[in-house]
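Visitor: I would like to learn how to read a protein model step by step. Could you take me through a few features, giving the general idea and then the case at hand?

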Amino acid sequence: MLGDPMALPALVTLVVIALWASARLPEYVVALLFFTAVMVLQLAPAAVTFSGFASSAFWLVLSGFVLGSAIRSTGLADRLANRLLPHLAGSWPRLVGGVVAISYALAFVMPSNMGRITLLMPIVMALAERAGLAEGSRGRIGLALAVGFGTFQLSASILPANVPNLVMSGAAESAYGSHFAYLSYLLLHAPVLGVAKGALLTLCICGLFRARPQPVAAEAAQTPLSAAEWRLIALLGATVLLWMTDSWHGIAPAWIGLAAACFCLLPRIGFLNGEQFAAGVNVRTCIYVAGILGLTALVSHSGLGDRLGGALLAMMPDLHGKPFAAFGSLVGITALLNFVVTANGVPALFTPLAQALSAGSGLPLLTVLMTQVIGYATPLLPYQASPIVVAMGMGKVPAREGLKLCLLLAALSFALLVPLDYLWFRLLGWIP
C-alpha cells in the first residue's frame, strides 16, 4: 500500500471529502489545506493543483458576484422583487414553488448555471427581504437553496443548460459517435428530473425551512428607472444575449461574464466602487470552488479516477435479465463517482466505461449513457455541484443547512424518482 503511487492522492482526497462533508472546518480553509498538502507532498504540479483558478468556472463565479452586487446596488433587484412578490407571497409553498419554477424556466433560455444564479439570487434575496424574511432566517435560507438546487438539479433535464450534460454529449460523440437530439433528450428527462423533481424539491424546502412570508400588495406606481438602472438593464440584456448565442460566436460564457463584470467596475459608467466590490465578492466561496476543481484535477492526474472506474466495473455482477437492478446499479455507480470527481467530472469518467457497462448490464448503450444524468443531477453533498456551492455563498447559507437539504432530496430522489424514471424509460422504449 505504501509503495502504491496512488496511496497519498487517495488519502488526501478522502480527508478533503470528509472535511467538506462534515463541515468541521470552514470550506475555504479545507480548500487551502488541500492546496498546501498537494504541493508539500508533491502529488501534482502547480498547474494541476491550482487549475481551478485558471478554469472558466472560477471566473464565471467571480464575475457572478460582481453582477449580483451591481443588481442590488442600483436598486434593480428591489424593483423586480416588487413586481414578483404580490404574485408569489400568498403562501410559503407558493413562494418556494414560484422560485423553483423560475429557476427551471430560465434554464430554457440561458445556458449557464452560474449566470442564472447571478441574475436570480439578488432578486430572490430582495424578494425575501420584502416578504419579511430577515437575513439568517429559515425562510431566507430556504429561498436561497431553492435557487441553487433548482438551477443545477432541474437543468440536467435540458441538454444545453448544464455543464455535465455538455461534457457527456461531447464524450459520447467522441467515443461512440452518438448524437442526442434536444427534444428526445427533453422528453426522456424533463417529466421526472424536471417537473417531478421540482415538486419534490419544493416539498423538501417547505418542510425543512418553514416560514410565513408577509403578504405584500402590488404597488400602484413605481418611481421611473434611473440612468444607472437603464445602463444595467442594457448590460444584462447584452450579456444574456451573448450567453444564449455562445455556440454561434464562440466566446465562452465565463469571458462574457468577466467583460460584463469589468464594465460594472469602471469609474463613472460602472456601478460599483472598490468598497462595494470588496463587500460583494465572496472570496471564501471562490477559493472553495477552486478547491473543488483542483480536487477533480488531482483525481484525474493521479489516475485515481480510472482505477476507481475499473474497480466499480469489476465489482458489477452479471445483471442480464434484471433490468431494474441494472438500471439502479448504473445510477448508483454514477452517484459513487460523484464523490471523487464531482458532477462536472462524472461524465468524462463514466462515458468511456459505458460500452463495458452495457455489456455487463444487458441494457442498450444509449440507455446506459442516459442513466448517468440521474446520478450526477442528484448530488449527495453540496461540494459535488459547484453551482449549489455558489448559490449558498451568495445567499449566506450555513453549510449544515445545505447538507441537510442535499441528503434529504437525494434520499427521496433515489427512493421515489429512480423507480419512476425506470418506468418512464421503459414506457418510451429505452429499456427493452
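This is a predicted model: local features need pLDDT of at least 70, side-chain atom pairs count only at pLDDT 80 or more; totals for chains, interfaces and linings use all residues.

Visitor: What is the handedness of the crossing where α7 passes α11?

Guide: The crossing of α7 past α11 is right-handed.

Visitor: Which residues in α7 and α11 meet?

Guide: From α7 come Trp-92, Pro-93, Val-96, Gly-97, Val-100 and Tyr-104, and they meet Ala-190, Gly-194, Val-195, Gly-198, Leu-201, Thr-202, Ile-205 and Cys-206 in α11. Sorted by class, this contact of α7 with α11 holds ten nonpolar and four polar residues, with no charged residues.

Visitor: Let us turn to charged side chains. How many salt bridges does a search of the whole structure find?

Guide: The general idea is that side chains of opposite charge can pair when their charged atoms come close. A search of the whole structure finds five salt bridges, and one of them joins the side chains of Glu-129 and Arg-140, at 2.8 Å from N to O. Glu-129 belongs to helix α8 (residues 113-130) and Arg-140 to helix α9 (residues 138-155), so this pair ties together parts that are eleven residues apart in sequence.

Visitor: Is Arg-140 buried or exposed?

Guide: Arg-140 counts as buried, because its relative accessibility is 10% and the cut-off for buried is under 20%.

Visitor: Which side chain meets Arg-138 in a salt bridge?

Guide: The side chain of Arg-138 meets that of Glu-401, at 2.9 Å from N to O. Since Arg-138 lies in helix α9 and Glu-401 in helix α22 (residues 399-427), the pair ties together parts that are 263 residues apart in sequence. With a relative accessible area of 33%, Arg-138 is partly exposed, whereas Glu-401 is buried, at 12%.

Visitor: Let us finish with the backbone. Which residue has a positive phi of about 55 degrees although it is not a glycine?

Guide: That residue is Gln-42, and its place is in the loop between α2 (27-40) and α3 (46-49). Gln-42 is exposed, with a relative accessible area of 69%.

Visitor: And where does Arg-268 lie?

Guide: Arg-268 lies in the loop between α14 (253-265) and α15 (274-280). Although Arg-268 is not a glycine, it has a positive phi of about 70 degrees, and with a relative accessible area of 81% it is exposed.

How values were computed: Residues are numbered from 1 along each chain as its sequence is written. Side-chain values use heavy atoms; hydrogens and water are left out. A crossing is left-handed if the near helix is turned anticlockwise from the far one by less than a right angle, and right-handed if clockwise. Helices (H or I, at least four residues) and strands (E, at least two) are DSSP runs, numbered from the N terminus. Contact means heavy atoms within 4.5 Å. Ala, Val, Leu, Ile, Met, Phe, Trp, Tyr, Cys and Pro count as nonpolar, Asp, Glu, Lys and Arg as charged, and the others, Gly among them, as polar. A salt bridge is a side-chain nitrogen of Lys or Arg within 4 Å of a carboxyl oxygen of Asp or Glu. Buried means under 20% relative accessible area, exposed over 50%, partly exposed in between (1.4 Å probe, protein chains only).
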